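Hello,

Here is the structure I promised to pass on. Please look through it first; my notes follow below.

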Amino acid sequence: GNPSEYTYDAVGFLARLAFGLGHARDEVLGYFRRQVELGQTAIVTRNHAEKCVFEQLDFFAKSADDVDLLEAVYSLALEALKDDNKLRYKILLKLGNVYREKDDHARLKSVLDELYAICDAEGSTGAQRLEAYALEIQMHTKTRNRKKLTELYEKSLEVSDAISHPRTMGIIRECGGKNNLMMGDFEAAQRDFFESFKAYDNASD
């Protein structure tokens with residue numbers, strides 16, 4: 001019969017099941033590819049398809065130790081959404097955070113390049129740019145690249161009209177506090193740390 005919303009959900013379940021049972025990577029990707037393809041048809045709403053794809057990405061990010069499989073899953077989703085920069089940005093940000101947690105800085109740099117390309121495109125927002133800066137700040141905090149951290153903090157202050165997530169601002173302000181502390185500007189450091197703690201507090205509400 002014709003595919004329906006039940007078909008869509010079932011294929012998504014089969015992708016997880018095949019992965020959980022340790023089946024071949026091609027089989028897992030085949031099911032996920034079918035789910036992504038069906039998500040672009042009229043059998044499911046855009047919101048349902050988007051929610052399911054993000055749930056699958058989260059599932060594989062938490063469950064898969066195989067970075068190549070993870071990259072293939074995210075690549076499938078990104079390829080399907082190549083004309084939707086807003087969703088591509090969300091997926092890339094998720095992937096960037098996965099690589100950050102795995103300390104895979106080579107792959108993270110590649111993701112950051114793609115994020116900044118979207119930030120430079122028409123229709124992007126200041127909030128997106130700040131999120132990309134915050135992600136890169138976390139990478140350079142790990143590698144102790146003081147020069148890049150200073151540069152990113154200064155760039156972030158130039159972004160105007162951005163309503164960003166409090167956690168993003170917490171990361172940026174914490175970076176500023178540490179930089180100002182290193183430079184001996186204790187007043188500015190205190191101000192940044194205060195703003196950082198306030199932002200982290202708001203993020204946890």
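The expected span of a helix is 1.5 Å times one less than its number of residues. Keep that in mind for helix α5. This is a predicted model, so every value here is computed from it.

Helix α5 covers residues 85-101. Its 17 residues should span 24 Å at 1.5 Å a residue, and the end C-alpha atoms are 24 Å apart, so the two agree.

Which residues of α5 are buried? They are Leu 87, Arg 88, Tyr 89, Ile 91, Leu 92, Leu 93, Leu 95, Gly 96, Val 98 and Tyr 99. Their cover includes α3 (46-63), α4, α6 (105-120) and α7 (126-143). Just after α5 comes Asp 103, with a positive phi of about 55°.

Now the core. The largest nonpolar core holds 55 residues. Phe 32, Leu 57 and Leu 115 have the most contacts inside it. Helix α4 (residues 67-80) gives this core its largest share, nine residues.

Take Leu 57. Leaving out residues up to four places away in sequence, Leu 57 touches Phe 32, Val 73, Tyr 74, Ala 77 and Ile 91. Of these, Ile 91 is among the buried residues of α5.

Last, the surface. Phe 13, Leu 14, Leu 17 and Leu 21 make up a nonpolar patch there. Together they have about 370 Å² of accessible area. Leu 14 lies in helix α1 (residues 5-20). Is Leu 14 buried or partly exposed? Its relative accessibility is 32%, so Leu 14 counts as partly exposed.

Best wishes

Definitions and conventions
Residues are numbered from 1 along each chain as its sequence is written. This is a predicted model: local features need pLDDT of at least 70, side-chain atom pairs count only at pLDDT 80 or more; totals for chains, interfaces and linings use all residues. Side-chain values use heavy atoms; hydrogens and water are left out. A nonpolar core is a set of buried Ala, Val, Leu, Ile, Met, Phe, Trp, Tyr and Cys residues joined through side-chain atoms within 4.5 Å. Buried means under 20% relative accessible area, exposed over 50%, partly exposed in between (1.4 Å probe, protein chains only). Helices (H or I, at least four residues) and strands (E, at least two) are DSSP runs, numbered from the N terminus. Contact means heavy atoms within 4.5 Å. Patches are made of residues with over 30% relative accessible area and no salt bridge: like charges are joined within 9 Å, nonpolar side chains (Val, Leu, Ile, Met, Phe, Trp, Tyr) within 5 Å. Accessible areas come from the Shrake-Rupley method with a 1.4 Å probe; for residues, only the protein chains shown count as cover. A salt bridge is a side-chain nitrogen of Lys or Arg within 4 Å of a carboxyl oxygen of Asp or Glu.
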